Amino acid sequence: MADKDHLQRAQLGLGDMDVEDFRAAAHRVADQMADYLAGLERHRVVPDIEPGFVRSQMSAAPPDEPEALDAILGDYARLIEPNITHWQHPGYMAYFCSTATGPGILGEWLAAGLNSNVMFWKNAPASTEVEELVVSWLRQMLGLPESFDGMLTDTASISSLLSIVAARHRVPGLDAREKGLSGRPETGRLRMYLSTEAHSSLEKAAIVAGIGREGARRIPCDEHFAIVPEALEDAIREDRAAGWTPFCVVAMVGTTSSTGIDSCSRIAEICEREKIWMHVDAAYAGTAALLPEKRPLFEGWERADSIVLNPHKWMFTPFDASLLLFRDAEVYRDALSLVPEYLRVKETSGVHNFHEYGIQLGRRFRALKLWIMIRYFGAEGFRRRIRDFCRQAQELGTKVAAEPGWRVMAPHPFSTLCIRHEPEGLGPEECDAHNERVMEAVNATGRYFLSHTKLDGRYVIRVTLGNPRAQDHHVDGVWALLKECGSAQAAQG
Ligand code: PLP
């Protein structure tokens with residue numbers, strides 16, 4: 001029951017929504033969401049609308065007076081739900097899957113209710129400690145040593161940016177934190193190294209960290225889209241001779257285009273010898289390290305200074321959640337901590353005041369959904385599902401390879417396949433255009449959503465699995481549709 005004061009304030013148009021109204025609405029929203037998840041396949045994966053359609057259906061001016069929740073939720077159901085691209089749909093096989101599973105969604109709701117801002121322990125005691133615990137649980141599940149500490153961020157882009165800033169901070173005599181990088185002819189220019197297949201977020205980090213795109217040197221890959229370590233060694237030698245200061249190497253475990261894997265042990269050897277920071281971007285594929293049988297692919301990553309892995313990619317965690325692991329937390333804190341008087345706290349020993357290790361002061365309570373998910377599924381539940389996605393991808397790869405005219409274009413140790421249809425008589429460019437048409441034809445059905453990339457300059461279609469809602473018949477379905485569209489497009493010439 002609302003008290004008298006609350007009622008008076010409500011009559012004056014003050015205060016929050018009545019808590020009993022909130023309860024009723026929350027039940028209704030829970031039903032709406034369960035109905036959505038139960039009926040996902042009623043929707044096209046990508047809505048058939050033109051840019052601007054959704055806004056054209058909504059009031060351009062903000063409502064001045066309160067509107068009834070009925071009307072708001074009605075518009076949500078009519079205009080928003082059907083007009084999103086359905087990442088939850090089992091036919092969403094584009095980019096890297098990002099699926100929100102039930103227990104994770106519940107965690108998001110509870111976190112929203114608590115609205116805990118995980119800046120420092122005093123302001124967020126349980127949330128801070130659950131984040132510490134979840135980071136430790138994930139580290140253990142991945143088979144990484146206790147020497148790794150870490151935290152959660154929103155995205156791999158930010159996790160990598162923080163690591164590059166930390167790597168920069170470790171360059172002797174540079175002190176970019178205090179002195180900045182501009183107008184200092186006495187310091188050599190910094191150089192980081194990454195393969196030609198590494199993700200654009202790393203180059204963006206170089207831009208933001210003052211390294212610049214010229215300071216991010218791309219190293220060629222071999223036929224499996226893995227960095228060539230000898231080319232990396234040559235580049236570092238050449239750069240030192242030319243006056244650059246090499247300070248960071250990024251190892252990719254699971255490139256975005258093809259899931260190529262750099263040799264972490266070779267890169268670790270080079271970084272240790274050259275005294276350079278080693279950062280591993282395993283944003284998607286890092287999840288596979290949950291499986292002991294996949295760990296050989298990661299050999300040497302335990303020697304890295306920092307590792308990023310996104311639970312919101314292949315660990316069916318609601319967006320957003322990125323795990324950043326590092327071996328020397330103090331470098332991050334030294335590089336980034338600024339504690340003005342108004343943020344000074346007494347409780348600093350034995351707990352993390354997380355804002356000191358990153359850029360943002362305000363931080364979401366992302367650990368709650370992971371704490372719930374890890375308990376709900378159990379580590380073995382994660383392993384079973386990841387193993388099953390890998391099985392689905394292997395089986396699909398075998399079928400594609402056995403089909404005349406179709407080719408698998410890259411190794412596929414995880415759950416992503418790069419494939420290409422090469423009907424007889426088409427030259428390479430014609431074949432590129434053909435594959436683009438095949439993918440567009442598949443997507444136009446609304447039953448599946450695939451994306452593409454270029455490997456060695458050739459257009460390939462990517463199929464990414466990893467949605468716990470996708471059953472074998474969905475994988476069979478996309479393959480049947482690809483073959484059908486391939487044949488139809490080839491017949492049309
Ligand atoms: N690194 C890799 C290998 C990726 O595939 C991606 C995104 O797909 C990213 C980094 C960027 O991830 P985020 O969107 O979390 O910044």
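This is a predicted model: local features need pLDDT of at least 70, side-chain atom pairs count only at pLDDT 80 or more; totals for chains, interfaces and linings use all residues.

**Around the ligand**

Start at the ligand, which has 14 residues around it, and Ala 156, Ser 157, Thr 256, Asp 281 and Asn 310 come nearest. Ser 157 has a polar side-chain atom 2.5 Å from a ligand oxygen. For Asn 310, a side-chain N or O atom sits 2.8 Å from an oxygen atom of the ligand. His 312 also has a side-chain N or O atom facing a ligand oxygen, at 3.4 Å. How much of the ligand does the protein cover? On its own the ligand has 390 Å² of accessible area, and the protein covers 86% of that. Two elements, α7 (156–169) and α12 (311–314), each give two or more residues to the shell around the ligand.

**Buried side chains**

Now for some residues tucked away from the surface. Ile 267 sits in helix α11, which spans residues 264–274. Is Ile 267 buried or exposed? Ile 267 counts as buried because its relative accessibility is 0%, and the cut-off for buried is under 20%. Leaving aside residues up to four places away in sequence, Ile 267 touches Ile 227, Leu 232, Val 249, Ala 251, Asp 262 and Met 278.

Leu 138, in helix α6 (residues 125–141), is another buried one, at 1% relative accessibility. Beyond its sequence neighbors up to four places away, Leu 138 touches Met 315, Leu 323, Leu 370 and Ile 374. Leu 138 and Ile 374 are 236 residues apart along the chain, yet their C-alpha atoms are separated by 8.8 Å.

His 421 belongs to strand β9 (residues 416–421) and is buried too, with a relative accessible area of 7%. The His 421 side chain makes a polar contact with the side chain of His 434, at 2.8 Å. Other residues that His 421 touches include Gly 405, Trp 406 and Cys 431.

Leu 69, in helix α4, is partly exposed at a relative accessible area of 34%.

**Salt bridges**

Side chains of opposite charge can pair when their charged atoms come close. How many salt bridges does a search of the whole structure find? The search finds 39. Here are some of them, with the N to O distance for each pair.

| Glu 395 | Arg 391 | 3.1 Å |

Glu 395 and Arg 391 both lie in helix α14 (residues 367–402), four residues apart, which is about one turn of the helix. Glu 395 is partly exposed, at 39%, and Arg 391 is partly exposed as well, at 27%.

In the next pair, Arg 420 is buried at 1% relative accessible area, whereas Glu 422 is partly exposed at 25%.

Glu 429 is exposed, at 56%, while Arg 458 counts as partly exposed, at 23%. Elsewhere, salt bridges that share partners join Glu 230, Glu 233, Arg 240, Arg 266, Glu 269, Arg 273 and Glu 274 into one network.

Definitions and conventions
Residues are numbered from 1 along each chain as its sequence is written. Side-chain values use heavy atoms; hydrogens and water are left out. Buried means under 20% relative accessible area, exposed over 50%, partly exposed in between (1.4 Å probe, protein chains only). Contact means heavy atoms within 4.5 Å. A residue is near a molecule or strand if one of its heavy atoms lies within 4 Å of it. A polar contact is a pair of N or O atoms within 3.5 Å; within protein, one must be able to donate a hydrogen and the other to accept it, and residues adjacent in sequence count only if both atoms are side-chain atoms. Accessible areas come from the Shrake-Rupley method with a 1.4 Å probe; for residues, only the protein chains shown count as cover. A salt bridge is a side-chain nitrogen of Lys or Arg within 4 Å of a carboxyl oxygen of Asp or Glu.
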